[in-house]
Amino acid sequence: MGRRPARCYRYNKNKPYPKTRYCRGVPDPKIRIFDVGKKKIPCDEFPATVHLVCDEYQQLTSEALEAARIAVNKYMITNAGRDFFHIRMRPHPFNVIRINKTLSCAGADRLSSGMRGAFGKSYGTAARVDIGQVLISVRTKEEKCQIACEALRRAKFKFPGRQKIHVSSKFGFTRFTKDDYAKWKSMGRLTPDGNNVKWLSSRGPLWRLIGRENA
């Protein structure tokens, strides 16, 4: 028997049902990698960011998330180049979906229990997503922004419902707009922190802003 189509599990009808010590025997989610590409490149290298934003309150199976990740990654490698992007899958499939297996072969009516004991067995995992929630983020160079938009457009075909592509005004994956980023960087208030930055507020010891030797 094949897998059920994802339309059976699309809507958030039930309460969240995560994997716990009581809910055991859950199959591993299909998606295992959530950051693809040049994830260790500092944020100065990739100033442009494009998001795929969900427009529905629904569930996305781990299979759909993995299919979208592969689609975006393949298109970006082919058209932008292997070293010019960082893709981040934002939702994680924590919600366990269930199936009440029934036999469908000849003579199964004598074996099947019908609706007796109908609470299903764990069948897979899905992510519960909301309206306006970001599904996939891609940071890249400014000149490759349109390629990232096309890659995310292709990822939309892997998901049910409606999604929108949003070109962000923020600098990379940071919380600053491009103008603010340039302003704070010129003032020396930003310190690198992996693929993000830390902002130094004006509070605290003076040497943190002007250096120990000047204080």
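In what order do the 5 strands of the open sheet come? Reading across, the order is β1-β4-β7-β2-β8, with antiparallel pairing. The two edge places go to β1 (35-37) and β8 (163-167), each of which has a single partner strand, so one side of each is left without a neighbour in the sheet. On average, neighbouring strands here are turned by 15° against each other, direction ignored.

Before going further, some housekeeping. This is a predicted model, where local features need pLDDT of at least 70 and side-chain atom pairs count only at pLDDT 80 or more, while totals for chains, interfaces and linings use all residues. Residues are numbered from 1 along each chain as its sequence is written, and side-chain values use heavy atoms, with hydrogens and water left out. As for the names, helices (H or I, at least four residues) and strands (E, at least two) are DSSP runs numbered from the N terminus, and two strands pair if DSSP finds at least two bridges between them.

Now step through the sheet strand by strand. In general, strands of a sheet pair through backbone hydrogen bonds, either parallel or antiparallel. β1 and β4 are joined in the antiparallel sense over 3 bridges, and V36 stands opposite I87 in β4. On to the next pair: β4 (residues 85-89) runs antiparallel to β7 (residues 134-140), with 5 bridges between them. Here I87 turns up again, with V138 as its bridge partner in β7, and R88 has S137 as its partner in β7.

Next, the helices. Helix α2 (residues 145-155) lies across β2 (48-54), β7 and β8, running at about 20° to β2. Axes are lines fitted to C-alpha atoms, for helices over the stretch in contact, and angles run from 0 to 180 degrees between N-to-C directions. The axes of α1 and α2 come within 8 Å and cross at roughly 150°. That makes α1 roughly antiparallel to α2 (the label for angles over 145 degrees). From α1, the contact (heavy atoms within 4.5 Å) is made by A68, V72, Y75, M76 and N79, and α2 brings I147, A148, E150, A151, L152, R154 and A155.

S62 lies in helix α1 (residues 62-79) and is buried, with a relative accessible area of 1%. Leaving aside its neighbours within four places in sequence, S62 is in contact with P29, K30, I31, P93, T125 and A126. R4 sits in the segment before β1 and is partly exposed, at 35% relative accessible area. Although R4 and I99 are 95 residues apart along the chain, their C-alpha atoms are separated by 9.0 Å. With neighbours within four places in sequence set aside, R4 is in contact with Y9, R98, I99, N100 and Y123.

How values were computed
Buried means under 20% relative accessible area, exposed over 50%, partly exposed in between (1.4 Å probe, protein chains only). Angles under 35 degrees count as roughly parallel, over 145 as roughly antiparallel, 65 to 115 as roughly perpendicular and the rest as oblique.
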